[in-house]
Amino acid sequence: MSENQNPQTNQRTVTTTAEQPRTTTAGETDERTRDAWTAYDFDGDAKMTVEDLDVYYGDDHALKGVSMEIPERSVTALIGPSGCGKSTYLRCLNRMNDRIPSARIDGSVRFDGQEIYQDGVNLVELRKRVGMVFQSPNPFPKSIRENIAYGPQKHGDLDTGLLARLLNRSDAAERDELVERCLRDAALWDEVHDRLDDNALGLSGGQQQRLCIARCLSVDPEIILMDEPASALDPIATAKIEDLIADLAEEYTVVIVTHNMQQAARISDQTAVFLTGGELVEYGDTDRVFEDPHSERVEDYITGKFG
Amino acid sequence: MAGARPTDTQLVEDETTEADATAALAIGVSATLFALAVAAMFGRITLTGTLAGVQTVTLLGGLLTVLGLTVIALGAGSRFGYVESTPDPSAGLIAGVGAAVPWALIGGSVASETLGLGTGGGVVGAVVVGGVALAATVLPREDVGSTGPLGALLVVTGLVFSTGVIGPTWVWELGWEQQAAITADFLIPVATLFTTLYGGWASAKAYGGFGARGRHMGAYVLVYLNALSIVAFLFILVAYVVVQGVPGLLTGFELGLGTGPETTIFGVSVALPVSIPFVMNGVALLNDFQGVLPAIVGTFWLVIGAVLLAVPLGVGAAVFLTEYAERGRFTQVVEVATNGLWSTPSIVFGLFGFAFLIPRFGNGKSLLSGMITLGFMLLPLVVITSREAMLSVPDEYRDASAALGVSKWQTIRSVVLPAALPGVVTGVILGVGRIAGETAPILLTMAGGTFVPGSQTVDVIGSFQFTSAPPFVANPALLEATSALPYQLFALITAGVGLGSNVSDPNAFRWATALVLLVVVLSFYAIGIVTRYYFRRRLKHT
Amino acid sequence: MAQVNTSRSDRLVDAVGERVRRARGFVDDTDPAALAVIAVMTASILAALVGFLAVSDWTIVPFAVFLASAAVGWVRYQAETAYTIALMMTVSTILILGLIIVFIFRESIPVVQYESATVFGVTVPGLRMFLQPNWDAVSPPIRYSMVPMIHGTVMVTLIASAVAAPLGVSAALFLSEIAPTTVREVVKPGVEILAGIPSIVYGFIGFTVLSPWASDQFQTTGQGSYLFVGIVVGLMALPTVVSVAEDALSSVPESMKSGSLAMGTTDWQTMTSITLPAAFSGVSAAVLLGVGRAIGETMAATVMLRGVPRLTEPLVNVFYGQETLTSIIARNYGEADGLQMDALFVAGVILFITVLVISVGAQYIEWRMHKRLGGEV
């Protein structure tokens with residue numbers, strides 16, 4: 001494969017050995033080119049493999065034939081203008097789209113090699129392993145401690161109920177240990193360690209979002225999906241969250257949707273670009289995609305010509 | 001450490017196992033038992049009769065025992081590893097209390113009656129046995145705790161019924177001053193019903209593999225059953241009234257040209273082609289068939305009068321509250337007053353009408369007092385729904401109108417009120433449905449004239465006259481004590497007399513009255529619900 | 001910069017001053033002729049009201065003046081007239097409630113004085129009604145005790161609540177969280193239609209079908225039991241509980257529920273740990289309103305109960321049903337006169353106050369919970 005740039009027209013062409021160069025246009029990218037641009041070779045295992053994913057909301061074709069492999073223990077960013085299917089795609093990975101009555105999903109999503117869109121899949125178990133942080137912080141109207149202990153308690157891993165206390169089987173010590181660990185991992189411990197029994201709704205926006213991340217960590221997921229986690233936050237809180245994500249990627253696989261391209265460039269290892277109509281147009285190493293995108297539409301988006 | 005958890009829960013489950021099939025079968029058995037118990041309660045099947053070749057009691061007992069053993073087996077299968085399941089360490093306090101209650105009842109009754117230990121012994125027995133059941137539920141692992149005590153309950157109950165320890169002739173005299181006894185006719189179906197609910201719940205938990213999913217299944221079974229029972233209850237109730245009421249409604253029914261009464265339409269005298277004496281006649285000696293026409297006419301005028309009073313007042317108040325007034329003391333007081341009116345019991349409205357309106361309108365029961373009392377009852381509902389309707393008109397409409405230089409009142413009149421009209425109309429229709437069925441308010445203010453001939457139905461419009469003395473305008477028809485459908489039914493139940501020998505079946509007459517009342521009221525409700533649905537869909541599409 | 005710590009009286013004076021200023025502004029802005037018309041309307045309606053309260057035959061005169069002036073105002077000064085009429089209508093709601101309170105209290109005074117009891121040397125009017133359990137309107141000593149009726153109302157309400165609360169909340173959960181759309185479209189109108197069935201129809205069915213059956217099943221002498229009246233009233237209060245609770249449950253934000261589900265909990269866990277606690281105030285209000293409805297239920301109770309005011313023996317005997325606060329009024333209004341009629345008004349007062357307290361209590365709970373959730377509505 002070789003690459004040429006025509007200095008007069010600034011047109012990029014990618015020439016494969018066996019094919020004619022396909023020049024980009026402002027319209028839709030044809031499938032073969034797209035497949036070439038979204039094929040991403042990486043070392044290591046794919047944590048999640050998506051093949052030919054189509055999503056319809058009623059008659060609206062929200063995602064068109066997306067295929068992608070997500071490497072483990074790294075940060076994958078999904079960028080693109082609003083309304084082009086990034087959040088829809090993210091919600092397919094933990095089957096949260098099932099909650100929407102008009103949604104229809106075709107295609108395959110494999111998590112550690114197991115297909116998650118087949119009969120007999122235990123959704124509860126799936127969502128234990130694939131965690132999610134939402135765009136607007138959504139802490140429960142409970143105390144900070146209870147928010148973090150919620151997941152393990154509901155899964156039966158922690159029992160601090162009345163009966164357990166009566167029978168002296170309470171896991172209160174383990175619970176407090178878990179709460180501290182998760183809050184430290186989410187860089188929130190220092191700010192709230194002295195008021196763990198206060199209502200979580202009393203925290204600031206940035207703190208609430210970090211609490212949601214801590215809550216997500218409490219069930220020990222393998223993948224963390226983040227849907228524009230910092231979009232509702234101020235720059236300082238955003239910076240804290242970005243640092244946090246970099247740390248998280250050492251242990252977890254992180255997939256993050258963001259409309260902030262600089263953020264994607266800063267924190268992700270690989271970037272996927274979705275453009276209008278629910279198309280995945282390009283996917284590859286972050287540095288490469290930002291410095292040297294194959295697609296002209298992607299280049300236009302990145303340089304701010306639209307979106 | 002991410003991903004290093006030794007999970008014993010699979011992501012993808014195996015195909016349906018025999019255990020699943022067994023649990024599903026158990027749920028089916030409990031559903032059958034539920035239906036049989038309900039049928040026995042309503043007398044459709046008798047305890048001493050035979051069903052599928054076996055005496056009913058024995059069949060019920062046998063099925064209960066089988067269900068109980070199955071439940072225990074499901075628990076054991078999970079406990080000893082024959083079945084994949086995810087039980088919690090304990091079944092929890094709720095399940096514990098749930099199991100303890102029936103066992104406590106059994107323990108208490110056995111101690112006080114069978115062992116003759118009296119009330120004190122009964123309490124001790126209840127506490128002891130209940131306590132054991134509680135411990136047996138919460139101390140072991142969830143799969144054993146959820147199934148053991150409940151399965152045992154089913155087995156014991158089943159054996160008691162099928163071996164005749166409590167047979168069809170069993171009676172327990174309570175020995176009270178006002179005597180009462182618990183008979184087998186009551187106990188056997190009811191006990192079957194409740195124990196089978198427990199059985200179904202435990203089986204559903206087993207089907208879901210215990211743990212959080214099992215509890216989810218168990219809860220869903222009960223919640224679905226509850227919802228469907230409510231709908232079934234409604235259906236049976238209405239169907240029963242229809243079946244009982246139609247014969248009375250159609251006595252003397254005739255179809256054909258010239259069979260019906262004469263009426264004048266557009267100045268032409270026409271005989272209606274259908275005759276339904278029940279709704280076309282009153283009660284008179286010379287009638288072939290008696291009817292409730294005066295009551296129908298009474299209800300009609302009541303509703304009209306109440307609406308004429310309540311709708312302008314209510315809409316006016318709502319307009320002021322939403323458009324003119326600012327939130328403050330005054331609006332708060334009005335809100336409290338409206339809520340107070342809305343929650344006041346209907347009989348209190350009747351008392352008020354009696355004390356306030358009757359002395360001021362002819363010193364006796366009158367149609368007018370009834371109208372005004374019902375109007376007062378309808379008022380808060382109109383205020384609340386009109387306010388909601390007006391609040392849901394977007395401010396953009398008002399702003400756009402104001403930006404065009406239109407005055408506030410004009411905006412209200414031309415923009416807000418028309419937009420709020422659907423909501424107001426729907427609220428009024430539903431409110432009318434409610435007051436059309438009310439008896440208590442009209443009992444004290446209006447009720448009378450239950451058995452009058454059809455020709456004497458109250459003629460409101462034709463009775464207006466001017467008088468020379470104050471108050472200068474009178475309407476004797478409005479000041480008469482008249483009947484309305486709810487009161488008619490009440491009078492028939494309590495008095496029952498006065499129908500004369502022309503009514504071949506007084507009971508059918510009563511049911512027919514109930515049916516007509518039900519049809520009138522439910523029609524209003526149905527129309528109200530449909531209009532609300534229609535308007536909401538229109539709003540969604542705009 | 002305004003002072004931060006204004007006292008309550010200062011604020012009240014400010015508020016009144018503001019009102020006066022606004023009224024003066026209104027007067028200045030408005031056409032004097034329009035003001036005159038409004039003045040005439042106000043004066044005439046007040047006169048009509050006074051005349052009506054005084055049971056005067058001449059009430060029609062000021063009322064006619066009101067109608068005439070309103071007509072004139074509508075034609076010439078519609079905006080001002082509309083405002084005035086709307087204000088009058090709003091005031092009327094307060095007025096009606098006030099009249100209800102005044103009149104039912106007023107009618108009950110004579111019998112309250114009759115039924116006085118002396119406690120520690122102090123004569124407390126009405127106390128004897130609650131101290132001794134005999135109601136005898138016929139033979140001396142004539143006593144109008146409220147105790148049997150209160151007992152009856154309590155029994156019926158307890159049983160009705162035991163039916164309506166769990167079944168109602170469960171049905172509300174079903175409608176708002178569990179039911180698929182098609183099922184919901186059938187069940188929800190079904191519950192609303194259930195609310196529409198008139199109480200006299202329930203009473204009729206209970207009287208004709210249920211009471212004879214119950215008397216047979218429990219081998220009681222005669223028909224009429226608190227147990228079955230309670231069950232019927234519970235079914236009547238059920239739709240109230242369902243609709244209010246369902247509104248409360250539906251208003252829990254979807255984001256909270258999604259947050260729970262995304263962590264790997266079952267739907268049922270989300271409902272019990274997140275949705276129900278978040279909607280707790282609304283659901284408690286729903287139950288309270290259902291209880292209020294049960295307390296005020298008249299016709300089913302009247303028709304199905306025995307009508308002899310006395311305490312059941314023993315007190316917990318649910319197989320016999322005597323009389324409730326509502327049924328004694330409905331049953332005796334015809335023959336009652338004088339003190340007995342007044343005693344019925346006392347029952348009405350007790351009912352009114354109880355239901356008002358419950359309704360206000362339900363509103364208070366909702367208000368408190370709104371504050372507690374950090375100001376989130």
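Helix H8 (residues 199-217) of chain C, a helix here being a DSSP run of H or I with at least four residues, gives the most to the lining of the largest cavity, with three residues. This is a predicted model, in which local features need pLDDT of at least 70 and side-chain atom pairs count only at pLDDT 80 or more, while totals for chains, interfaces and linings use all residues. Residues are numbered from 1 along each chain as its sequence is written, and side-chain values use heavy atoms, with hydrogens and water left out.

**Interface of chains B and C**
- Contact, meaning heavy atoms within 4.5 Å, joins 95 residues of chain C to 93 residues of chain B.
- The two chains bury about 8,700 Å² between them, 76% of it on carbon and sulfur atoms, where buried area is the accessible area (1.4 Å probe) lost on being put together, summed over both parts.
- On the side of chain C, Phe52(C), Phe204(C) and Tyr333(C) lose the most area to chain B, together 8% of what that side buries.

- Helix H7 (residues 211-249) of chain B packs against helix H6 (residues 147-178) of chain C at an angle of about 100 degrees, with axes 9 Å apart.
- H7(B) is therefore roughly perpendicular to H6(C), a term covering angles of 65 to 115 degrees.
- Residues making this contact include Tyr220(B) and Ile230(B) of H7(B), and Leu167(C) and Phe174(C) of H6(C).

**Largest cavity**
- Ser211(C), Ala214(C), Ser215(C), Gly224(C) and Ser225(C) lie nearest the centre of the largest cavity, among 13 lining residues, which have an atom within 4 Å of a point on a 1 Å grid where a 1.4 Å probe fits but cannot get out.

Notes: Chains lettered and ligands numbered in written order. Axes fitted to C-alpha atoms, helices over the stretch in contact; angles between N-to-C directions. Helix = DSSP H or I, 4+ residues; strand = E, 2+ residues; numbered from the N terminus. Parallel < 35°, antiparallel > 145°, perpendicular 65-115°, else oblique. 1 Å grid on protein atoms, 1.4 Å probe; cavity = no way out; pocket = protein on both sides within 12 Å on 5 of 7 lines; lining within 4 Å.
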